[in-house]
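Student: I would like to learn how to read the features of a model like this one. Please take me through it.

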Amino acid sequence: MAVEQPLTSPAGDQTRIHDIGYRGYDGPRLGRAYARRSLYSQSLRGAYGLGRSAKSKVLPMLLFAVMCVPAAIMVAVAVATKAHELPVAYTRYAIMMQAVISLYVAAQAPQSVSRDLRFKTVPLYFSRPIETADYVRAKFASLASAIFILTAAPLLVMYVGALLSKLGFGHQTKQFAEGLVSVALLSLLFAGIGLVIAAVTPRRGFGIAAVIAVMIISYGAVSTLQAIADVQNHSGVIPWIGLFSPVTLIDGVQSAFLGATARNPGAVDPSTAQGVVYVLVVLALIAGSYGLLMRRYKKVGL
């Protein structure tokens, strides 16, 4: 119950102090690490609508199903036909489904950061032990983990189906591992690009449109230029053109080092030297995305 204690100032004005019942906290202080883990867990759950309304679960769960159903169908076909190999290689699956992955990133990257920017809650995070680096790492890691789950789940379906079909264990395990490496790189790259774009504007709709434009339009433009180069017999420039789209970057890395066949027009695999350039560009984009996010949130947190 509130207690009012009258207090008279020297000038004769009466002032009141209200005891509204606040209590001190004597429990454990869990610190930055716990806050960072909590933010990571909350953001990862939010990427699939967990802990949110039923409406928020529809799109991520639908896209997850769209990713996994073709893999299950391919396994069923391989079992029915007694094939000696899966119809699609593990390293090819994510490239084949790149439109679905891009749509997922476009939907979830703004959801991860736009509301904090729109409602100006970012400074509240930084008013406690959590710092700018903790916030950025948690958001980056959570979206990358969500994309990895989206892209690795169908590979797991294919791998389990291949083993149940009694395909070669060693061969399938090697290809499955190569596929996981590929989608891990893809997850980091797409998460970084998606978050940087989404962090520019507090409006989720603008963020979604911008991510779609960068992911899908850039892939279409690069594929068109590669097709023109192939028609004009300039196949040597096809791998270099692939440096200008996130999807073709991952395609080039796995074609150079993970035994995949390039999906570009003409199926021109990059050389080892070109593959090194692809890897350096991917790593630079991931590191650059993290750096841009740090600069952005240092300004927001002021």
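## Reading the fold and its contacts

Tutor: The model is predicted. A compact globule of 302 residues would have a radius of gyration near 19 Å, whereas the protein chain here has 25 Å. Along the principal axes, its C-alpha atoms fill a box of roughly 95 × 45 × 30 Å.

Student: How many helices and strands does the protein chain have?

Tutor: There are 11 helices and two strands. Read from the N terminus on, the order is β-β-α-α-α-α-α-α-α-α-α-α-α.

Student: What share of the residues counts as buried?

Tutor: Of the 302 residues, 43% count as buried. As for contacts with a separation of 6 or more, 73% are between residues 24 or more positions apart.

Student: How is the packing of two helices described?

Tutor: Two packed helices are described by the angle between their axes and by the distance between those axes. Take helix α8 (residues 204–231) and helix α10 (residues 246–257): they pack at an angle of about 60°, and their axes are 7 Å apart. That angle makes α8 oblique to α10, because roughly perpendicular begins at 65 degrees.

Student: Which residues of α8 and α10 meet?

Tutor: On the α8 side they are Val214, Met215, Ser218, Tyr219, Val222 and Gln226, and these meet Pro246, Val247 and Thr248 in α10. The residues of this contact divide into six nonpolar, three polar and no charged.

Student: How many aromatic pairs does a search of the whole structure find?

Tutor: The search finds five aromatic pairs. In one of them, the rings of tyrosine 48 and phenylalanine 64 have centres 6.2 Å apart and planes at 85°, so this pair is edge-to-face; the cut-off for that class is over 60 degrees. Tyrosine 48 lies in the loop between α1 (31–46) and α2 (54–81), and phenylalanine 64 lies in helix α2, so the pair ties together parts 16 residues apart in sequence.

Student: What is the geometry of the pair of tyrosine 135 and tyrosine 297?

Tutor: Their ring centres are 4.9 Å apart and their planes are at 50°, so the pair is tilted. It links distant parts of the chain, with tyrosine 135 in helix α6 (residues 132–164) and tyrosine 297 in helix α11 (residues 272–300), 162 residues apart. Tyrosine 135 is buried at 0% relative accessibility, and tyrosine 297 is buried with a relative accessible area of 2%.

Definitions and conventions
Residues numbered from 1 in each chain as written. Predicted model: local features only at pLDDT ≥ 70, side-chain atom pairs only at ≥ 80, totals over all residues. Heavy atoms only, no water. Axes fitted to C-alpha atoms, helices over the stretch in contact; angles between N-to-C directions. Helix = DSSP H or I, 4+ residues; strand = E, 2+ residues; numbered from the N terminus. Parallel < 35°, antiparallel > 145°, perpendicular 65-115°, else oblique. Contact = heavy atoms within 4.5 Å. Nonpolar A, V, L, I, M, F, W, Y, C, P; charged D, E, K, R; others polar. Phe/Tyr/Trp six-rings, centres within 6.5 Å; stacked < 30°, edge-to-face > 60°. Buried < 20%, exposed > 50% of the residue type's maximum accessible area, 1.4 Å probe, protein only. Rg over C-alpha atoms; globule rule 2.2 N^0.38 Å.
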